[in-house]
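This report describes a predicted model of a protein chain. The sections below follow a helix, the nonpolar cores, the aromatic pairs and some backbone features.

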Amino acid sequence: MKKKTILALLALLPMALSAQIVDTDDLDDYDDEDEAEVEVLDDADDGDFSQGFDFPEALADANIDSLMSQYMSKTYLQTDEGCQQLSENPQVNREVYIDRLRRMPTVMEMAYNDVVRSCIDRYMVRLRRQVSYMLGAANFYMPIFEQALDTYQLPLELKYLPIIESALNPTAVSRAGATGLWQFMLATGKAYGLEVTSYSDDRRDPVKSSIAAARYLRDLYNIFGDWNLVIAAYNCGPENINKAIRRSGGKRDYWAIYPYLPKETRGYVPAFIAANYAMTYYCEHGICPMQSKLPVKTDTVMVDRNITFDQVARVCDLDIDMLRSLNPAYRRDVVPGLSAPSPLRLPTTEVGRFIDMQDSIYHHAATMQLKRDEVAIDERPVAQPTQKRTTQKRTAQRAVTVKVKRGDSLSAIARRNGTTVARIKKLNGLRGNNIRVGQSIRVK
């Protein structure tokens with residue numbers, strides 16, 4: 001790839017990433033830094049991919065559990081009573097796996113090895129129930145993913161990338177802060193047109209984030225020209241792929257640079273292959289998809305005022321949790337239409353009712369406090385004396401002074417006034433015992 005072409009493509013990528021992406025045809029000029037961040041496998045480990053990798057974060061049980069706790073999963077996904085799910089995964093030998101992967105209609109390479117086998121086993125054994133949920137949720141999300149990928153003429157098997165990114169949870173947030181189905185970091189999302197405010201986060205919007213992800217994947221492919229490297233770069237960043245290529249002596253094959261990648265990225269492409277396998281051959285492993293009653297047919301109405309989900313739910317007699325599930329981009333149950341016309345996604349059957357009752361919705365009292373447009377100031381002075389001032393005033397009212405007469409001493413004055421010499425000294429700031437005739441001395 002020509003250097004001018006590379007530089008032109010870099011302008012499309014986030015600045016945080018493009019600063020470190022280099023022309024891999026000129027790797028000798030690349031600064032070999034940050035060795036500590038990659039645990040390079042020994043030569044003896046070449047070909048043995050069973051060690052030294054981490055499963056992607058979304059394959060953790062806790063992240064899958066978060067999918068199953070969502071309203072959509074609990075309400076719209078139900079067990080298919082007509083399908084008999086096996087409690088255990090059938091044994092499959094190496095040759096069968098290789099043949100099945102070969103038969104999948106994918107442009108992207110789906111090769112087999114021990115790491116791929118480990119990831120398949122994780123889906124087919126430990127996460128069998130979760131795969132059922134994801135198959136059910138896929139009925140809602142996959143058409144959205146496919147439309148975005150088809151628009152940019154990308155391989156449709158990329159639609160399974162969100163399975164390993166977020167387990168199909170639109171509100172998922174990684175340890176590093178990546179958010180949404182496609183797990184965009186804030187800077188990358190903004191570079192691809194995803195807006196993030198206190199009220200809304202486009203990274204959580206299935207449609208907007210899918211379009212952004214398709215554009216980002218297209219740009220990565222224009223740089224690397226290899227889909228496995230693109231997938232790896234999506235996970236760890238293009239700069240880390242370039243460093244791995246450099247350390248491998250310029251090899252541009254994912255499995256050749258595997259030992260030089262961060263641990264999670266070593267498991268990322270295998271997990272992607274395993275996700276494609278799981279979503280294709282689940283029947284052969286005795287896994288039943290959940291029956292889906294998701295409102296697949298939805299439409300949007302544009303809102304030009306600030307309204308709450310509660311207002312819409314009460315006036316239109318809708319389930320507020322359903323509104324949250326269909327509109328995960330709104331972080332505070334508020335559609336901020338006053339800032340800019342904002343879409344509200346509804347089941348197609350409810351769009352007409354919203355339009356008919358729009359005025360009632362806008363004027364319905366919100367149960368939550370929205371921002372006020374104007375506030376009055378009470379300029380009347382309010383007497384609020386502090387405790388210190390009150391104490392000073394009372395002390396001043398009780399103060400008693402006497403004048404020093406000829407022959408007086410501090411001890412004599414103290415006896416006459418029922419106090420002590422030390423107290424008189426403190427009240428008058430006296431250091432010694434000297435006083436003069438006619439001097440006013442405070443005794444209380």
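Which residues are buried in helix α18 (residues 348-356)?

In the predicted model, E350, V351 and F354 are the residues of helix α18 that are buried. Around the axis they span an arc of only 120°, which places them on the same side of α18. An α-helix has 3.6 residues a turn, so residues three or four places apart point the same way.

T349 and D356 are exposed on the other side of α18. The packing partners of the buried residues of α18 are the strands β3 (298-303), β4 (306-308) and β6 (342-347), together with the helices α16 and α19 (358-363).

## Overall composition

The chain contains 22 helices and eight strands. Of its 444 residues, 47% are buried. The accessible surface amounts to about 23500 Å², and 46% of this belongs to carbon and sulfur atoms.

Contacts in the chain can also be described by sequence separation. Taking those between residues at least 6 apart in sequence, 71% join residues at least 24 apart.

## Nonpolar cores

The largest nonpolar core comprises 101 residues, and within it Y123, Y234 and I241 have the most contacts. Helix α7 (residues 128-151) supplies the largest share of this core, with twelve residues. In soluble globular proteins, nonpolar side chains tend to be buried together.

What does Y234 contact once its neighbours within four places in sequence are left aside? The residues in contact with Y234 are L161, E165, W182, F184, A213, Y216, L217, L220 and Y268. One of these, A213, lies in helix α10 and is buried, with a relative accessible area of 0%. Not counting residues up to four places away in sequence, A213 touches W182 and F184 as well as Y234. The C-alpha atoms of A213 and L181 are separated by 9.8 Å, and the two residues are 32 residues apart along the chain.

## Aromatic pairs

A pair of aromatic rings is described by the distance of the centres and the angle of the planes. The structure holds 14 aromatic pairs.

The rings of F309 and Y330 form an edge-to-face pair, because their centres are 6.3 Å apart and their planes are at 75°. Here too, distant parts of the chain are linked: F309 belongs to helix α16 (residues 309-316) and Y330 to the loop between α17 (320-326) and β5 (334-336), 21 residues apart. Both F309 and Y330 are buried. Elsewhere, Y97, Y112, Y277 and Y281 make up one aromatic cluster. R100 lies over the face of Y281, at 5.6 Å from the ring centre.

## Residues with positive phi

Most residues other than glycine have a negative phi, and most peptide bonds are trans. Q153 is not a glycine, yet its phi is positive, at about 55°. This residue is placed in the loop between α7 and α8 (161-166).

D333 also has a positive phi, of about 60°, without being a glycine. D333 is placed in the loop between α17 and β5. Are these two residues buried or exposed? Q153 counts as exposed, because its relative accessibility is 72% and the exposed class begins over 50%. D333 is buried, because its relative accessible area is 18% and the limit for buried residues is under 20%.

Technical notes: Residues are numbered from 1 along each chain as its sequence is written. This is a predicted model: local features need pLDDT of at least 70, side-chain atom pairs count only at pLDDT 80 or more; totals for chains, interfaces and linings use all residues. Side-chain values use heavy atoms; hydrogens and water are left out. Rings of Phe, Tyr and Trp (its six-membered ring) pair if their centres lie within 6.5 Å; planes under 30 degrees apart count as stacked, over 60 as edge-to-face and the rest as tilted. Helices (H or I, at least four residues) and strands (E, at least two) are DSSP runs, numbered from the N terminus. Buried means under 20% relative accessible area, exposed over 50%, partly exposed in between (1.4 Å probe, protein chains only). A charge sits over a ring if NZ of Lys or CZ of Arg is within 6 Å of the ring centre and within 35 degrees of the ring normal. A nonpolar core is a set of buried Ala, Val, Leu, Ile, Met, Phe, Trp, Tyr and Cys residues joined through side-chain atoms within 4.5 Å. Contact means heavy atoms within 4.5 Å. Accessible areas come from the Shrake-Rupley method with a 1.4 Å probe; for residues, only the protein chains shown count as cover. The arc is that of the directions from the helix axis to the C-beta atoms.
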